[in-house]
Amino acid sequence: MSTQTTAAPKSTRSKITVRTLQQRKDAGQPITMITAYDYTSAVLADGADIDVLLVGDSLGMVVLGYESTVQVTMDEMIHHCKAVARGSRTSLLVGDLPFLSYQITPEEALRNAGRLLSEGHMEAVKLEGGIAMAATIERIVTAGIPVVGHIGLTPQSVNLLGYRAQGRTAKAARRLLDDALAVERAGCSAIVLEAVPDRLAAHISQQLTIPTIGIGAGNGCDGQVLVYHDMLGLFDRMQPRFVKQYATLAAPIQDALRSYAREVRDRSFPGAEHTYAIPDDEWNAFLTGLDGEE
Ligand code: KIV
């Protein structure tokens with residue numbers, strides 16, 4: 001590892017807040033969101049002027065190797081939120097409330113949302129669900145914590161719904177619109193629409209005053225979000241059709257790891273340029289001392 005530390009590059013833009021997101025929607029300017037799970041990904045994404053860093057509970061799958069997001073705990077979320085906050089300067093920081101941290105009572109939801117802010121240094125929280133979550137959203141927002149909703153494909157409900165696009169019948173589309181209107185009324189600052197037909201997502205985006213952030217929801221949303229490891233080609237256990245790979249980094253990383261292992265085995269690494277020297281006179285004095293002749 002390099003002995004030099006890299007400070008997060010200074011951004012010239014001003015701090016992004018939930019109010020900035022609303023201004024973006026009102027001005028018709030698309031919002032950019034990406035997941036981040038650690039200091040380095042936060043430095044890179046914030047340095048690329050991405051508007052929102054989402055510490056998604058997808059970290060359970062792409063970082064921790066769990067089968068689904070259902071196993072992610074509050075303590076794990078806080079650990080990763082803190083790392084992301086250390087790497088970010090101007091992006092808005094949103095942390096996911098994990099499974100069962102908000103579904104039991106609104107009071108417990110508020111306590112856990114508060115922990116993501118006070119311990120994890122997030123600036124907003126995201127939770128999954130529509131009409132059923134309205135009272136909980138209201139409780140959290142009333143305490144001064146911005147909430148981002150999430151409807152459509154909700155990965156914490158994988159055991160009930162699977163990883164399937166939602167809202168593909170007239171009845172299901174109506175339910176999704178009702179969910180979106182309910183979370184807006186409850187006080188959400190924005191809402192993620194995941195795996196929803198593009199025409200429905202565009203319609204919901206027009207009906208709502210708050211911004212919609214799409215993932216697998218077409219071009220008519222007010223912004224887009226992707227999972228960091230998916231868009232960089234680092235995670236291939238699941239590849240939903242809505243993922244665009246902007247890079248395929250797994251292969252070059254593995255090539256580099258193979259080269260390193262080969263060079264260690266054939267002793268061509270480390271070379272002289274990676275090695276510290278001791279002056280000859282010091283070395284000779286050391287050897288003499290070893291002989292007990294000093
Ligand atoms: O956890 C996550 O990464 C998410 C995004 C897919 C929106 O919720």
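**Close-up views of a predicted model**

**View A. Pairing of strands E1 and E8.** Thr32 stands opposite Gln224, a residue of strand E8. The model shown here is predicted. Strand E1 comprises residues 31-35, and strand E8 comprises residues 223-226. The two strands run parallel and are joined by 4 bridges. Strand E1 is mostly covered, since 4 of its 5 residues are buried.

View B. Strand E2 (residues 52-55) runs parallel to E1, and 3 bridges join the two strands. Ile34 has Leu53 in E2 as its bridge partner.

**View C. Nonpolar surface patch around Trp283.** The patch on the surface is formed by Ile278, Trp283, Phe286, Leu287 and Leu290. Together these residues have about 490 Å² of accessible area. Trp283 lies in helix H12, which spans residues 280-290. Trp283 is classed as partly exposed because its relative accessible area is 39%, a value between the limits of 20% for buried and 50% for exposed residues.

**View D. Arrangement of the two assigned domains.** The domain assignment of the chain places residues 18-248 in domain 1 and residues 251-287 in domain 2. The centres of domain 1 and domain 2, taken over C-alpha atoms, are separated by 45 Å.

Notes
Residues numbered from 1 in each chain as written. Predicted model: local features only at pLDDT ≥ 70, side-chain atom pairs only at ≥ 80, totals over all residues. Heavy atoms only, no water. Domains from an automatic or database assignment. Patch = residues over 30% accessible without salt bridge, like charges linked within 9 Å, V, L, I, M, F, W, Y side chains within 5 Å. Areas by Shrake-Rupley, 256 points an atom, 1.4 Å probe, with all protein chains shown as cover. Salt bridge = Lys/Arg side-chain N within 4 Å of Asp/Glu carboxyl O. Buried < 20%, exposed > 50% of the residue type's maximum accessible area, 1.4 Å probe, protein only. Pairing = 2+ DSSP bridges.
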